[in-house]
Amino acid sequence: MVTHLLSREQARRIAVRAQYLSRERPAGLLDLVRQLTLLQVDLTQAVAPSADLVAWSRLGAAYSPKDLEAALGNQALVELQALIRPAEDIALYRADMAAWDERNGMLGGWRESNRNWVAANRGCRLDILSLLRTDGPLPAREIPDTCEVSWRSSGWTNNRNVLKMLEFMEVRGEVAVVGRQGGRDRLWDLAERAYPDDDVVPAAEAAVTRAERRLRSLGIARERGPECPIEPQDVGKVGEPAVVDGVKGTWRVDPAQLDQPFAGRAALLSPIDRLVYDRKRMVEIFEFDYQLEMYKPAAKRRWGYYALPILYGDRLVGKVDATADRPAGVLRVDAVHRDVPFTKAMTSAVDREIRSLATFLGLKPTMP
């Protein structure tokens, strides 16, 4: 098989086009999520929840958060491990769910420790299943903790036994998130009542199909990369091999994206948008310097608490430091950080996106 030789510009355009961030817009929300394969759930309200920002940046004024609520409500989309996916894709995960105990035992390390913790608290797991069967759906706080062995962690989940058990039961395919109470707290129910009754795809076939869809979504991705337990960033041997001029390593490219015309536009991105989520790929292909700085002390931030990356054409060209001040009714724009000199056309296009975002949020923009 021929190895494709790509310039950085070609690689960027493939990535942008695959993510529906060129001028070609998706037909609607379901079409968008099927192409992207997922929307990541992050409820930070500095501007808007990430899933809404991702959908708005592709669909523009055609999108309303009520569309996402409706798709989740009628189960056209489902939430799995804080990722919103097309309901039909759950069939690609069911084989792994069924084999969770066996796989974690074989892999050892922290995975085996997780399996052993679930096994030690079998009574609690059965109590949860019984309660959900009669009273579900329920938030975690309304489920009694009957665990015999506490969950130990150095993080915020320490001793949050019911929550951790529910999350493990989710990846085992026993329970599912069926909504959010007050927009935030997950509502849990039996998976058999939440997921479509599709045929289970065998594990090996499902892994290849997931990788193919991931590559179609990203356009270009590494053949091998660091482990990401929930959603990998590499794609194995699917697609076709490629090298990117000036970038080390072997890449895989979606052949459907090769030699396609490109027409760019301006877009404001969520800080965890899939175009920038893989920070290593972002640096290598887009040569863009960016971090989400909400966890840094204010004095150490370069771009702002929740700065939005700016895409213009096939380049990431800056960041918008914006905050939705809902009590005041304004989208407060404290700065537009320009990584490159902006032409008049770029300035005008970015300003339009800021005003469009404010309209989407039902706020008035205040510009620096």
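Author: Start with L331. Leaving aside neighbours within four places in sequence, L331 is in contact (heavy atoms within 4.5 Å) with A322, T323, A324, I354, L357, A358, L361, L363, K364, P365 and T366.

Reader: Before I go on, what kind of model is this, and how are residues numbered?

Author: The model is predicted, so local features need pLDDT of at least 70 and side-chain atom pairs count only at pLDDT 80 or more, while totals for chains, interfaces and linings use all residues. Residues are numbered from 1 along each chain as its sequence is written, and side-chain values use heavy atoms, with hydrogens and water left out.

Reader: OK. How many residues are in the largest nonpolar core?

Author: The largest nonpolar core has 42 residues, and those with the most contacts inside it are L29, L39, V320, L331 and L357. Such a core is a set of buried Ala, Val, Leu, Ile, Met, Phe, Trp, Tyr and Cys residues joined through side-chain atoms within 4.5 Å. Buried means under 20% relative accessible area, exposed over 50%, and partly exposed in between, with a 1.4 Å probe and protein chains only.

Reader: Which elements supply at least two residues of it?

Author: Those are α2 (29–36), α3 (50–59), α4 (65–73), β12 (308–312), β13 (315–325), β14 (330–338) and α14 (344–361). The helices (H or I, at least four residues) and strands (E, at least two) are DSSP runs numbered from the N terminus. A second, separate core of 27 residues includes V276, I285, F288 and W303.

Reader: Switching to charges. How many salt bridges are there?

Author: A search of the whole structure finds 30, counting a side-chain nitrogen of Lys or Arg within 4 Å of a carboxyl oxygen of Asp or Glu. One of them joins the side chains of D314 and R12 (3.5 Å, N to O). D314 lies in the loop between β12 and β13 and R12 in helix α1 (residues 8–18), so this pair ties together parts that are 302 residues apart in sequence.

Reader: Are D314 and R12 buried or exposed?

Author: Both D314 and R12 are buried. They also belong to a network of salt bridges that links E9, R12, R13 and D314.

Reader: What about E167 and R186?

Author: Their side chains meet in a salt bridge at 3.0 Å, N to O. E167 is in helix α9 (residues 161–171) and R186 in strand β7 (residues 185–190), so the pair ties together parts that are 19 residues apart in sequence. R186 is buried, with a relative accessible area of 19%.

Reader: And D189 with R193?

Author: That salt bridge is 2.6 Å, N to O. D189 counts as buried at 8% relative accessibility, whereas R193 is partly exposed at 39%.

Reader: New topic, α13. Which of its residues are buried?

Author: In helix α13 (residues 279–286) the buried residues are R281, M282, E284, I285 and F286. They pack against α1, α11 (203–218), β8 (220–222), β10 (251–253), α12 (274–277) and β13. Just after α13, E287 takes a positive phi of about 50°.
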